[in-house]
Amino acid sequence: MSQPHSAQTDARAALRSGLPDRYLTPDDIAEIFDVPVETVYQWRRKHTGPPGFRIGKHVRYDPADVRAYVTQRKNANQDAA
């Protein structure tokens, strides 16, 4: 199910202005980064995306870890430039 463009924009704005005060789902991560949810699961399998953890059978992401991941990626890109 595809989200309307405004919902995707709102998710990216949330990343810039502050993540929600709750654990994020793979769908949230996909929406924030504007990628398919399958990409989020591939990142998890390959250990290349933001770190997640399991609660029972569900994967969740700590907003602080997602913010740290974004900061790390931004710094890596600036160092490579």
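Predicted model: local features only at pLDDT ≥ 70, side-chain atom pairs only at ≥ 80, totals over all residues.

Colleague: Start with D28. Buried or exposed?

Modeller: D28 counts as buried, at 16% relative accessibility. Buried means under 20% relative accessible area, exposed over 50%, and partly exposed in between (1.4 Å probe, protein chains only).

Colleague: OK. Where does D28 lie?

Modeller: In helix α2. Helices (H or I, at least four residues) and strands (E, at least two) are DSSP runs, numbered from the N terminus.

Colleague: Which residues does D28 touch, leaving out those up to four places away in sequence?

Modeller: R22 and Y23. A contact here means heavy atoms within 4.5 Å.

Colleague: And which side chain meets D28 in a salt bridge?

Modeller: R22 does, at 2.8 Å, N to O. The criterion is a side-chain nitrogen of Lys or Arg within 4 Å of a carboxyl oxygen of Asp or Glu. R22 is partly exposed at 42%, while D28 is buried.

Colleague: Why would such side chains pair at all?

Modeller: Side chains of opposite charge can pair when their charged atoms come close.

Colleague: How many salt bridges in the whole structure?

Modeller: Two. The other joins the side chains of E38 and R45, at 2.9 Å, N to O. E38 is partly exposed, with a relative accessible area of 39%. R45 is exposed at 55%.

Colleague: Step back a bit. What order do the elements run in?

Modeller: From the N terminus on, α-α-α-β-β-α. That makes four helices and two strands.

Colleague: Now the aromatics. How many pairs?

Modeller: Three aromatic pairs. In one of them, the rings of Y23 and F53 have centres 5.2 Å apart and planes at 85°, so the pair is edge-to-face. Rings of Phe, Tyr and Trp (its six-membered ring) pair if their centres lie within 6.5 Å; planes under 30 degrees apart count as stacked, over 60 as edge-to-face, and the rest as tilted.

Colleague: What does the Y23 and F53 pair tie together?

Modeller: Parts that are 30 residues apart in sequence. Y23 lies in the loop between α1 (5–17) and α2 (26–33), and F53 in strand β1 (residues 53–55). Y23 is partly exposed at 48%. F53 is partly exposed too, at 27%.

Colleague: How are the rings of F33 and Y69 arranged?

Modeller: Their centres are 6.3 Å apart and their planes stand at 90°, so this pair is edge-to-face. F33 lies in helix α2 and Y69 in helix α4 (residues 63–80), so the pair ties together parts that are 36 residues apart in sequence. F33 counts as partly exposed at 23%. Y69 is buried at 14%.

Colleague: Which cluster do the ring pairs form?

Modeller: F33, W43 and Y69 are linked into a cluster.

Colleague: On to the core. Which residues make up the largest nonpolar one?

Modeller: Nine: L19, L24, I29, A30, I32, V40, V59, Y61 and V66. The largest share, three residues, comes from α2. A nonpolar core is a set of buried Ala, Val, Leu, Ile, Met, Phe, Trp, Tyr and Cys residues joined through side-chain atoms within 4.5 Å.

Colleague: Which residues of α2 are buried?

Modeller: P26, D28, I29, A30 and I32.

Colleague: What share of the chain is buried?

Modeller: 25% of its 81 residues. As for contacts between residues at least 6 apart in sequence, 42% join residues at least 24 apart.

Colleague: Last topic, backbone. What happens just after α2?

Modeller: D34 takes a positive phi of about 55° there. D34 sits in the loop between α2 and α3 (37–46). At 41% relative accessibility, D34 is partly exposed.

Colleague: And what is phi of H47?

Modeller: Near 60°, a positive value in a residue other than glycine. H47 is placed in the loop between α3 and β1. H47 counts as exposed, at 73%.

Note on methods
Residues numbered from 1 in each chain as written. Heavy atoms only, no water.
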